[in-house]
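Colleague: I would like to learn how to read a sheet and a pocket. Please take me through one example.

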Amino acid sequence: MSRLPIRLPLMAAILLPLALLLTAPACSAPPKAPAGGTGYVCPMPEHAQVFDHPGKCPQCGMDLVPRASVHAVAILVFDGVQIVDYTAPYEIFGQAGLTVFTVGPTAAPITTAMGMKVVPAYDFAHAPAAGVLVLPGGNVDVSDARIVDWVKRRSAQSEIVLSVCNGAFWLARAGLLDGLTATTFHGLIDDLKAAAPKARIVRDKRWVDNGKIVTAAGLSSGIEGALHVVEKLRGEARAREIALHVEYDWHPDSKWARANLADRWVGSLEMGDDVRYQHVSSLGDLDHWRMEGLVTSTLAPETLAERLGKQLESHAHWISAGPTRAAAGVTRHDWTFKDDEGRTWNATLRLAPGDEAGQIRSTLEWSRSGAPAAR
């Protein structure tokens, strides 16, 4: 019994250094990976250093994980995020068998566009590493330094970054579109040009692939962008299999892009406060468009045609093709226009009596000269 006090300190002296050796973080940082290497990173996004082999993070002691792991997809969510922008890619990547999780600035619930409540799976401080980063659009507040900084750091750690809709503005603010080609929601093309003056912003693509950074246009274009990323990761056959399974008519070579349709040559037209306009239809394609509406006003049809013509001529640079004409109760005016590719377009406005007294049926049509007839 008298030896017991001597044995305990002796055992502690032997075991304690061994325990410290086994549990302590590495005292020196693993060698940094060469530029462009895949490497390993700490799961903590704040610790952005990239290493060339597994080990412990020199800053926090956590196990390093493969930077190029394409088996995980991190999706940013924030107050006002557009629902389809993040849920559509979530579905596609989930169908592909990837691990998908949401990340918010904090762990608190966020409120999406249209009021859906969502609890992020992780906050910025604890989100695991992911090979794919998805940046949806919605209420994109590029003045939020927390998000912009996180996007910049996590983009550096990811192998592929996919933006959807005006989620491209996160990339623009982080300076990650410089020198690249990109697209966004059709109504924000010009705004993205201003936000990313060193980028080439296009309107004739549903998605644009720069190798690492893929930008998809608005809303449902996120489905196409996600399928394209799956194609990059798992091959075309797997992407087509998923498209069939979710019953999506996927045509990766399609030339259809909302921002490139013919209505962009006219834009928004206002009749004025003294005119009540009821929209009836607006339909077309790349080369044709037709807008119909019902007008209630005390103004003469000729005055209405002149007012509409001034907007076309000042905002869209259409040129009057002659005076307003009236025959058989129908007032008509024509315009012509050359687009940025030098192609000629022709427009016609017809104002005819409506079904009710004081009502006028308005039909504005325009088409590209030489284009096949509208279907």
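**Sheet and pockets**

Modeller: Gly 104 stands opposite Asp 123 in strand 7. This is a predicted model, where local features need pLDDT of at least 70, side-chain atom pairs count only at pLDDT 80 or more, and totals for chains, interfaces and linings use all residues. Residues are numbered from 1 along each chain as its sequence is written, and side-chain values use heavy atoms, without hydrogens and water.

Colleague: How do strand 4 and strand 7 run, and how many bridges join them?

Modeller: Strands of a sheet pair through backbone hydrogen bonds, parallel or antiparallel. Pairing here takes at least two DSSP bridges between two strands. Strands are DSSP runs (E, at least two residues; helices H or I, at least four), numbered from the N terminus. Strand 4 (99-104) and strand 7 run parallel, joined by two bridges.

Colleague: What is the strand order of the open sheet?

Modeller: Seven strands go 7-4-3-8-9-13-12, with mixed pairing. Strand 7 (122-123) and strand 12 (207-209) are the edges, each pairing on one side only.

Colleague: Which residues lie closest to the centre of the largest pocket?

Modeller: A pocket is an open set of points on a 1 Å grid over the protein atoms alone, where a 1.4 Å probe fits, with protein on both sides within 12 Å along at least five of seven lines; lining residues have an atom within 4 Å of a point. The largest has a volume of about 410 Å³. Of its 20 lining residues, Arg 203, Asn 260, Arg 264, Asp 340 and Glu 341 are closest to the centre. Helix 5 (189-195) supplies the largest share of the lining, three residues.

Conventions
Points joined across faces, edges and corners; volume = space filled by probe spheres on them.
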